[in-house]
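Trainee: I'd like to understand the ligand site in this model. Please walk me through it closely, and then through anything else worth a look.

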Amino acid sequence: MSTITQLIHSIPVDPQTGAIAVPIYQTSTFVQEAPGVNKGYDYARTNNPTRETLEKIAAQLEAGATGIAFSSGLAAIDAILKLLQYGDEIVAVDDIYGGAFRLFNKVYAKFGIKVTYVDTSDVQAVFNAITPATKLIWLETPTNPTLKISDIKAIAKIAAASKCLFCVDNTFASPVLQQPLELGADIVVHSATKYLGGHSDLIAGLVVTKTAELGAEIKFYQNACGAILSPFDSFLLIRGIETLHLRIRQHCANAQAIAEYLEQHPLVDKVFYPGLTNHPGHEIAKQQSKGFGGIVSFTLKDDTEAAALAFVTGTQYFKLAESLGGVKSLLCHPASMTHKSIPDEKRRAVGVADSLVRLSVGLEEPADLLTDLDLAFHKIQRSTGSVLSL
Ligand SMILES: Cc1ncc(COP(=O)(O)O)c(C=O)c1O
(Lines give C-alpha, C1' and ligand atoms only; values in the text may rest on other atoms or scores of the structure.)
Protein backbone atom coordinates (compact mmCIF):
# COMPACT_ATOMS: atom_id res chain seq x y z
CA MET A 1 0.00 0.00 0.00
CA SER A 2 1.34 3.44 -0.82
CA THR A 3 2.15 5.80 2.06
CA ILE A 4 -0.59 8.19 0.88
CA THR A 5 -3.28 5.48 1.01
CA GLN A 6 -1.89 4.31 4.32
CA LEU A 7 -2.05 7.82 5.75
CA ILE A 8 -5.59 8.50 4.57
CA HIS A 9 -6.82 5.21 5.99
CA SER A 10 -4.94 5.57 9.26
CA ILE A 11 -7.44 8.31 10.11
CA PRO A 12 -9.95 6.11 11.93
CA VAL A 13 -13.68 5.82 11.32
CA ASP A 14 -15.45 6.59 14.64
CA PRO A 15 -16.20 3.18 16.23
CA GLN A 16 -19.26 4.55 18.11
CA THR A 17 -21.15 6.04 15.17
CA GLY A 18 -19.33 5.20 11.94
CA ALA A 19 -18.62 8.92 11.34
CA ILE A 20 -16.00 9.12 8.61
CA ALA A 21 -14.70 12.45 9.88
CA VAL A 22 -12.84 12.53 13.20
CA PRO A 23 -15.26 13.64 15.96
CA ILE A 24 -14.42 16.80 17.90
CA TYR A 25 -14.42 15.81 21.57
CA GLN A 26 -15.14 19.25 22.98
CA THR A 27 -14.89 18.30 26.63
CA SER A 28 -12.67 19.33 29.52
CA THR A 29 -13.00 16.14 31.56
CA PHE A 30 -14.03 12.48 31.36
CA VAL A 31 -16.26 10.56 33.79
CA GLN A 32 -14.44 7.88 35.75
CA GLU A 33 -15.92 4.61 37.01
CA ALA A 34 -13.78 4.80 40.15
CA PRO A 35 -10.75 6.97 40.98
CA GLY A 36 -8.15 6.19 38.34
CA VAL A 37 -10.46 3.79 36.47
CA ASN A 38 -11.40 5.37 33.15
CA LYS A 39 -11.53 4.77 29.40
CA GLY A 40 -7.99 6.06 28.83
CA TYR A 41 -8.79 9.74 29.37
CA ASP A 42 -9.16 11.69 32.59
CA TYR A 43 -8.58 15.42 31.94
CA ALA A 44 -8.32 17.04 28.52
CA ARG A 45 -5.06 18.92 29.12
CA THR A 46 -3.42 15.52 29.59
CA ASN A 47 -5.19 13.81 26.72
CA ASN A 48 -8.10 14.26 24.35
CA PRO A 49 -9.26 11.73 21.72
CA THR A 50 -9.32 14.28 18.85
CA ARG A 51 -5.82 15.49 19.68
CA GLU A 52 -4.64 11.91 20.18
CA THR A 53 -5.80 10.96 16.67
CA LEU A 54 -3.84 13.91 15.26
CA GLU A 55 -0.76 12.95 17.28
CA LYS A 56 -0.80 9.40 15.90
CA ILE A 57 -1.09 10.75 12.34
CA ALA A 58 1.82 13.15 12.99
CA ALA A 59 4.02 10.31 14.30
CA GLN A 60 3.22 8.28 11.19
CA LEU A 61 3.90 11.22 8.84
CA GLU A 62 7.36 11.79 10.31
CA ALA A 63 8.12 8.07 10.85
CA GLY A 64 8.57 8.60 14.59
CA ALA A 65 7.46 6.94 17.82
CA THR A 66 5.44 9.75 19.41
CA GLY A 67 3.60 12.82 18.15
CA ILE A 68 2.60 15.69 20.43
CA ALA A 69 0.31 18.55 19.34
CA PHE A 70 0.82 22.06 20.71
CA SER A 71 -1.07 25.35 20.62
CA SER A 72 1.59 26.87 18.31
CA GLY A 73 4.90 26.08 16.66
CA LEU A 74 6.66 28.21 19.25
CA ALA A 75 4.98 26.33 22.10
CA ALA A 76 6.34 23.13 20.53
CA ILE A 77 9.87 24.60 20.34
CA ASP A 78 9.52 25.81 23.94
CA ALA A 79 8.65 22.29 25.16
CA ILE A 80 11.78 20.86 23.48
CA LEU A 81 14.00 23.46 25.16
CA LYS A 82 12.65 22.33 28.52
CA LEU A 83 14.71 19.16 28.04
CA LEU A 84 17.77 21.34 28.78
CA GLN A 85 19.22 22.52 32.06
CA TYR A 86 21.13 25.54 33.35
CA GLY A 87 24.58 25.67 31.73
CA ASP A 88 23.64 23.62 28.67
CA GLU A 89 24.49 24.92 25.21
CA ILE A 90 22.73 24.81 21.84
CA VAL A 91 24.39 24.97 18.43
CA ALA A 92 21.81 26.51 16.09
CA VAL A 93 21.46 27.48 12.44
CA ASP A 94 22.36 31.16 12.01
CA ASP A 95 19.52 31.90 9.59
CA ILE A 96 17.00 30.77 12.22
CA TYR A 97 13.29 31.68 12.38
CA GLY A 98 13.09 35.01 14.28
CA GLY A 99 10.63 33.71 16.87
CA ALA A 100 12.97 30.85 17.79
CA PHE A 101 15.86 33.36 18.05
CA ARG A 102 13.76 35.50 20.39
CA LEU A 103 12.82 32.47 22.53
CA PHE A 104 16.45 31.30 22.76
CA ASN A 105 18.01 34.71 23.40
CA LYS A 106 15.38 36.62 25.36
CA VAL A 107 13.81 33.81 27.39
CA TYR A 108 16.11 30.79 27.76
CA ALA A 109 19.30 32.91 28.04
CA LYS A 110 17.84 34.13 31.38
CA PHE A 111 17.82 30.53 32.58
CA GLY A 112 21.46 29.95 31.71
CA ILE A 113 21.11 28.35 28.26
CA LYS A 114 23.72 29.56 25.76
CA VAL A 115 23.26 29.44 21.99
CA THR A 116 26.02 29.50 19.36
CA TYR A 117 24.75 30.36 15.87
CA VAL A 118 26.63 28.90 12.93
CA ASP A 119 26.25 28.52 9.19
CA THR A 120 25.01 24.92 9.33
CA SER A 121 25.36 24.50 5.56
CA ASP A 122 29.05 24.20 6.50
CA VAL A 123 29.21 20.85 8.36
CA GLN A 124 32.71 21.58 9.65
CA ALA A 125 31.42 24.81 11.27
CA VAL A 126 28.84 22.74 13.18
CA PHE A 127 31.54 20.33 14.34
CA ASN A 128 33.81 23.21 15.41
CA ALA A 129 31.04 24.85 17.45
CA ILE A 130 30.39 21.78 19.64
CA THR A 131 31.68 22.01 23.22
CA PRO A 132 31.36 19.55 26.14
CA ALA A 133 28.32 21.62 27.25
CA THR A 134 26.48 21.25 23.91
CA LYS A 135 23.31 19.27 24.51
CA LEU A 136 21.25 20.20 21.45
CA ILE A 137 21.83 20.92 17.75
CA TRP A 138 19.03 22.98 16.22
CA LEU A 139 18.51 22.97 12.47
CA GLU A 140 16.15 24.44 9.92
CA THR A 141 16.60 23.31 6.34
CA PRO A 142 15.61 24.99 4.07
CA THR A 143 15.92 28.22 6.09
CA ASN A 144 13.79 31.30 6.05
CA PRO A 145 13.99 33.39 3.88
CA THR A 146 17.22 32.51 2.04
CA LEU A 147 16.43 28.78 1.60
CA LYS A 148 19.84 27.64 2.78
CA ILE A 149 20.25 23.84 2.79
CA SER A 150 22.11 21.83 5.45
CA ASP A 151 23.11 18.18 5.31
CA ILE A 152 20.86 16.45 7.88
CA LYS A 153 22.66 13.07 7.71
CA ALA A 154 26.11 14.58 8.24
CA ILE A 155 24.95 16.73 11.15
CA ALA A 156 23.15 13.73 12.70
CA LYS A 157 26.52 11.93 12.79
CA ILE A 158 28.09 14.89 14.62
CA ALA A 159 25.20 14.92 17.11
CA ALA A 160 25.50 11.17 17.75
CA ALA A 161 29.28 11.38 18.20
CA SER A 162 28.88 14.33 20.60
CA LYS A 163 26.02 12.65 22.48
CA CYS A 164 23.71 15.59 22.03
CA LEU A 165 20.13 15.75 20.81
CA PHE A 166 19.48 16.79 17.25
CA CYS A 167 16.25 18.61 16.40
CA VAL A 168 15.14 19.65 12.91
CA ASP A 169 12.46 22.27 12.36
CA ASN A 170 10.85 20.71 9.28
CA THR A 171 8.24 23.44 8.72
CA PHE A 172 9.52 24.59 5.31
CA ALA A 173 9.96 21.15 3.75
CA SER A 174 7.01 19.27 5.31
CA PRO A 175 7.23 15.51 5.95
CA VAL A 176 6.07 14.81 2.41
CA LEU A 177 9.40 16.10 1.11
CA GLN A 178 11.79 15.38 3.95
CA GLN A 179 11.78 13.04 6.97
CA PRO A 180 14.59 14.10 9.31
CA LEU A 181 14.10 11.20 11.76
CA GLU A 182 14.87 8.77 8.92
CA LEU A 183 18.04 10.79 8.29
CA GLY A 184 19.23 10.53 11.90
CA ALA A 185 17.52 13.36 13.83
CA ASP A 186 16.05 12.71 17.31
CA ILE A 187 13.24 15.25 17.21
CA VAL A 188 11.26 16.98 14.48
CA VAL A 189 9.24 20.11 15.12
CA HIS A 190 6.68 21.88 12.95
CA SER A 191 4.86 25.11 12.85
CA ALA A 192 1.78 23.19 11.70
CA THR A 193 0.27 26.62 11.11
CA LYS A 194 1.99 26.44 7.70
CA TYR A 195 1.89 23.51 5.22
CA LEU A 196 0.39 20.88 7.54
CA GLY A 197 -2.67 23.01 8.27
CA GLY A 198 -2.40 24.41 4.77
CA HIS A 199 -5.40 26.76 4.75
CA SER A 200 -4.14 29.73 6.82
CA ASP A 201 -6.90 29.14 9.36
CA LEU A 202 -5.16 27.88 12.51
CA ILE A 203 -2.08 28.20 14.71
CA ALA A 204 -0.59 24.87 15.78
CA GLY A 205 2.68 23.09 16.52
CA LEU A 206 3.76 19.46 16.35
CA VAL A 207 6.67 17.57 17.83
CA VAL A 208 7.56 14.04 16.71
CA THR A 209 10.26 12.07 18.51
CA LYS A 210 12.32 9.13 17.34
CA THR A 211 11.89 7.26 20.64
CA ALA A 212 8.91 6.80 22.91
CA GLU A 213 11.10 7.75 25.92
CA LEU A 214 11.89 11.17 24.47
CA GLY A 215 8.22 11.56 23.53
CA ALA A 216 7.14 10.79 27.11
CA GLU A 217 9.57 13.39 28.46
CA ILE A 218 8.26 16.14 26.15
CA LYS A 219 4.67 15.10 26.82
CA PHE A 220 5.40 15.44 30.54
CA TYR A 221 6.51 19.05 29.97
CA GLN A 222 3.45 19.74 27.84
CA ASN A 223 1.12 18.47 30.54
CA ALA A 224 3.07 20.30 33.23
CA CYS A 225 3.08 23.61 31.34
CA GLY A 226 -0.20 23.35 29.45
CA ALA A 227 0.32 24.45 25.81
CA ILE A 228 -2.04 21.91 24.22
CA LEU A 229 -3.87 22.13 20.89
CA SER A 230 -7.65 22.52 21.18
CA PRO A 231 -9.99 19.75 19.91
CA PHE A 232 -11.33 21.98 17.14
CA ASP A 233 -7.87 23.00 15.91
CA SER A 234 -6.80 19.33 16.10
CA PHE A 235 -9.75 18.50 13.83
CA LEU A 236 -8.81 21.28 11.39
CA LEU A 237 -5.22 20.12 11.31
CA ILE A 238 -6.25 16.51 10.58
CA ARG A 239 -8.38 17.83 7.74
CA GLY A 240 -5.43 19.79 6.38
CA ILE A 241 -3.08 16.80 6.59
CA GLU A 242 -5.52 14.67 4.57
CA THR A 243 -4.62 16.68 1.43
CA LEU A 244 -0.99 17.47 2.31
CA HIS A 245 0.58 15.24 -0.37
CA LEU A 246 -1.53 16.71 -3.12
CA ARG A 247 -0.97 20.30 -2.02
CA ILE A 248 2.79 19.93 -1.62
CA ARG A 249 3.10 18.47 -5.11
CA GLN A 250 1.39 21.54 -6.59
CA HIS A 251 3.24 24.03 -4.34
CA CYS A 252 6.53 22.56 -5.61
CA ALA A 253 5.50 22.66 -9.29
CA ASN A 254 4.26 26.26 -9.05
CA ALA A 255 7.34 27.41 -7.13
CA GLN A 256 9.71 25.83 -9.66
CA ALA A 257 7.94 27.62 -12.53
CA ILE A 258 8.13 30.94 -10.69
CA ALA A 259 11.80 30.50 -9.72
CA GLU A 260 12.69 29.81 -13.37
CA TYR A 261 10.71 32.87 -14.49
CA LEU A 262 12.41 35.10 -11.90
CA GLU A 263 15.85 33.78 -12.80
CA GLN A 264 15.62 35.22 -16.31
CA HIS A 265 13.91 38.48 -15.30
CA PRO A 266 15.99 41.61 -16.04
CA LEU A 267 14.96 43.42 -12.82
CA VAL A 268 15.89 40.47 -10.58
CA ASP A 269 19.35 40.12 -9.08
CA LYS A 270 19.41 36.79 -7.17
CA VAL A 271 16.85 34.00 -6.89
CA PHE A 272 16.88 31.70 -3.85
CA TYR A 273 15.23 28.35 -4.59
CA PRO A 274 16.85 24.95 -3.95
CA GLY A 275 15.21 23.56 -7.08
CA LEU A 276 17.48 25.73 -9.28
CA THR A 277 20.63 23.88 -10.28
CA ASN A 278 22.81 26.90 -9.41
CA HIS A 279 21.54 26.97 -5.79
CA PRO A 280 24.52 26.01 -3.56
CA GLY A 281 22.42 23.44 -1.70
CA HIS A 282 20.76 21.91 -4.78
CA GLU A 283 22.64 18.59 -4.69
CA ILE A 284 22.10 18.00 -0.96
CA ALA A 285 18.45 19.02 -1.27
CA LYS A 286 18.07 16.49 -4.07
CA GLN A 287 19.57 13.73 -1.92
CA GLN A 288 17.63 14.35 1.27
CA SER A 289 14.29 15.68 -0.05
CA LYS A 290 11.69 14.53 -2.54
CA GLY A 291 11.11 18.08 -3.78
CA PHE A 292 12.19 21.67 -3.25
CA GLY A 293 9.16 23.24 -1.57
CA GLY A 294 6.88 26.18 -2.16
CA ILE A 295 8.96 29.14 -0.97
CA VAL A 296 10.95 31.30 -3.38
CA SER A 297 12.91 34.42 -2.41
CA PHE A 298 14.60 36.96 -4.66
CA THR A 299 16.41 40.28 -4.58
CA LEU A 300 16.09 43.16 -7.02
CA LYS A 301 18.87 44.75 -9.03
CA ASP A 302 17.59 48.01 -7.56
CA ASP A 303 18.50 46.86 -4.02
CA THR A 304 16.42 49.42 -2.15
CA GLU A 305 13.61 49.11 0.31
CA ALA A 306 11.57 51.50 -1.89
CA ALA A 307 11.72 49.14 -4.87
CA ALA A 308 10.83 46.11 -2.73
CA LEU A 309 7.92 47.93 -1.08
CA ALA A 310 6.59 48.99 -4.48
CA PHE A 311 6.78 45.35 -5.57
CA VAL A 312 5.09 43.79 -2.53
CA THR A 313 2.21 46.26 -2.73
CA GLY A 314 1.88 45.78 -6.48
CA THR A 315 0.48 42.26 -6.77
CA GLN A 316 -3.12 41.12 -6.92
CA TYR A 317 -3.03 37.39 -6.13
CA PHE A 318 0.08 37.36 -3.94
CA LYS A 319 -1.32 38.89 -0.76
CA LEU A 320 0.99 40.90 1.47
CA ALA A 321 1.12 38.95 4.75
CA GLU A 322 3.44 37.13 7.14
CA SER A 323 3.17 33.34 7.27
CA LEU A 324 3.33 30.78 4.47
CA GLY A 325 2.17 27.38 3.34
CA GLY A 326 -1.48 28.15 2.61
CA VAL A 327 -3.64 27.69 -0.47
CA LYS A 328 -3.46 31.40 -1.34
CA SER A 329 -0.13 32.85 -2.44
CA LEU A 330 1.46 35.29 -0.01
CA LEU A 331 4.44 37.59 -0.24
CA CYS A 332 6.39 39.57 2.30
CA HIS A 333 9.32 41.94 2.65
CA PRO A 334 11.42 40.38 5.45
CA ALA A 335 13.58 43.50 6.06
CA SER A 336 10.53 45.53 7.14
CA MET A 337 8.36 42.66 8.39
CA THR A 338 9.61 39.30 9.77
CA HIS A 339 13.25 40.44 10.23
CA LYS A 340 12.59 44.03 11.34
CA SER A 341 13.90 43.44 14.88
CA ILE A 342 17.31 42.25 13.57
CA PRO A 343 19.90 45.07 13.24
CA ASP A 344 20.40 46.03 9.54
CA GLU A 345 24.04 44.93 9.32
CA LYS A 346 23.35 41.53 10.94
CA ARG A 347 20.30 41.05 8.70
CA ARG A 348 22.29 41.83 5.54
CA ALA A 349 25.12 39.56 6.72
CA VAL A 350 22.79 36.52 6.72
CA GLY A 351 21.70 37.38 3.19
CA VAL A 352 18.46 39.24 3.87
CA ALA A 353 19.08 42.19 1.55
CA ASP A 354 17.03 45.42 1.64
CA SER A 355 15.20 44.40 -1.54
CA LEU A 356 14.66 40.71 -0.67
CA VAL A 357 11.10 39.54 -1.30
CA ARG A 358 9.81 36.17 -0.09
CA LEU A 359 7.03 34.41 -1.94
CA SER A 360 4.90 31.65 -0.46
CA VAL A 361 3.69 30.17 -3.70
CA GLY A 362 0.11 28.96 -3.39
CA LEU A 363 -2.12 26.69 -5.40
CA GLU A 364 -3.46 29.12 -7.99
CA GLU A 365 -2.94 28.45 -11.71
CA PRO A 366 0.79 29.14 -12.28
CA ALA A 367 0.12 31.24 -15.41
CA ASP A 368 -2.01 33.62 -13.32
CA LEU A 369 0.73 33.93 -10.71
CA LEU A 370 3.31 34.73 -13.40
CA THR A 371 1.03 37.43 -14.84
CA ASP A 372 0.60 38.85 -11.35
CA LEU A 373 4.38 39.07 -10.83
CA ASP A 374 4.79 40.62 -14.28
CA LEU A 375 2.37 43.40 -13.39
CA ALA A 376 4.23 44.12 -10.15
CA PHE A 377 7.54 44.34 -12.06
CA HIS A 378 5.99 46.85 -14.44
CA LYS A 379 4.77 48.82 -11.45
CA ILE A 380 8.21 49.05 -9.81
CA GLN A 381 9.73 50.02 -13.10
CA ARG A 382 7.32 52.96 -13.27
CA SER A 383 7.55 53.95 -9.59
CA THR A 384 11.34 53.69 -9.21
CA GLY A 385 12.18 54.86 -12.72
CA SER A 386 14.41 51.83 -13.26
CA VAL A 387 16.40 52.14 -16.47
CA LEU A 388 16.33 48.41 -17.01
CA SER A 389 13.94 47.44 -19.75
CA LEU A 390 11.56 44.55 -19.37
C1 LIG B 1 10.36 27.74 10.58
C2 LIG B 1 9.37 28.14 11.63
N3 LIG B 1 9.38 27.51 12.82
C4 LIG B 1 8.52 27.85 13.80
C5 LIG B 1 7.60 28.87 13.63
C6 LIG B 1 6.67 29.24 14.75
O7 LIG B 1 5.41 28.72 14.54
P8 LIG B 1 4.03 29.38 15.04
O9 LIG B 1 3.88 30.70 14.36
O10 LIG B 1 3.02 28.36 14.67
O11 LIG B 1 4.17 29.55 16.53
C12 LIG B 1 7.55 29.54 12.41
C13 LIG B 1 6.58 30.62 12.19
O14 LIG B 1 6.63 31.36 11.23
C15 LIG B 1 8.46 29.17 11.38
O16 LIG B 1 8.48 29.80 10.18
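Mentor: The shell around the ligand is made up of four nonpolar, five polar and two charged residues (Ala, Val, Leu, Ile, Met, Phe, Trp, Tyr, Cys and Pro count as nonpolar, Asp, Glu, Lys and Arg as charged, and the others, Gly among them, as polar). Please keep in mind that this is a predicted model, where local features need pLDDT of at least 70, side-chain atom pairs count only at pLDDT 80 or more, and totals for chains, interfaces and linings use all residues. Residues are numbered from 1 along each chain as its sequence is written, and side-chain values use heavy atoms, with hydrogens and water left out.

Surrounding the ligand are Ser72, Gly73, Leu74, Ile77, Tyr97, Asp169, Thr171, Ser191, Thr193, Lys194 and Ala204 (near means a heavy atom within 4 Å). Helix H3, residues 73-81, gives the largest share of this shell, three residues (helices, H or I, are DSSP runs of at least four residues and strands, E, of at least two, numbered from the N terminus).

Now for the polar contacts (pairs of N or O atoms within 3.5 Å). Lys194 places a polar side-chain atom 2.7 Å from an oxygen atom of the ligand. The side chain of Ser191 has an N or O atom 2.9 Å from a ligand oxygen, while Gly73 uses a backbone N or O atom, also 2.9 Å from an oxygen atom of the ligand. On its own the ligand has 390 Å² of accessible area, and the protein covers 89% of that (Shrake-Rupley method, 1.4 Å probe). The ligand sits in the largest pocket (on a 1 Å grid over the protein atoms alone, an open set of points with protein on both sides within 12 Å along at least five of seven lines; sitting there takes more than half of the ligand's atoms within 2 Å of the grid points).

Elsewhere, look at the loop between strand E4 (134-140) and helix H6 (152-161), where Pro142 has its place. The peptide bond from Thr141 to Pro142 is cis, with omega near 0°. Pro145 lies in the loop between E4 and H6 too, and a cis peptide bond with omega of about 0° joins Asn144 to Pro145. Leu147, found in the loop between E4 and H6, has a phi near 55°, a positive value in a residue other than glycine.

Conventions
A polar contact is a pair of N or O atoms within 3.5 Å; within protein, one must be able to donate a hydrogen and the other to accept it, and residues adjacent in sequence count only if both atoms are side-chain atoms. On a 1 Å grid over the protein atoms alone, a cavity is a set of points where a 1.4 Å probe fits but cannot get out, and a pocket is an open set with protein on both sides within 12 Å along at least five of seven lines; lining residues have an atom within 4 Å of a point.
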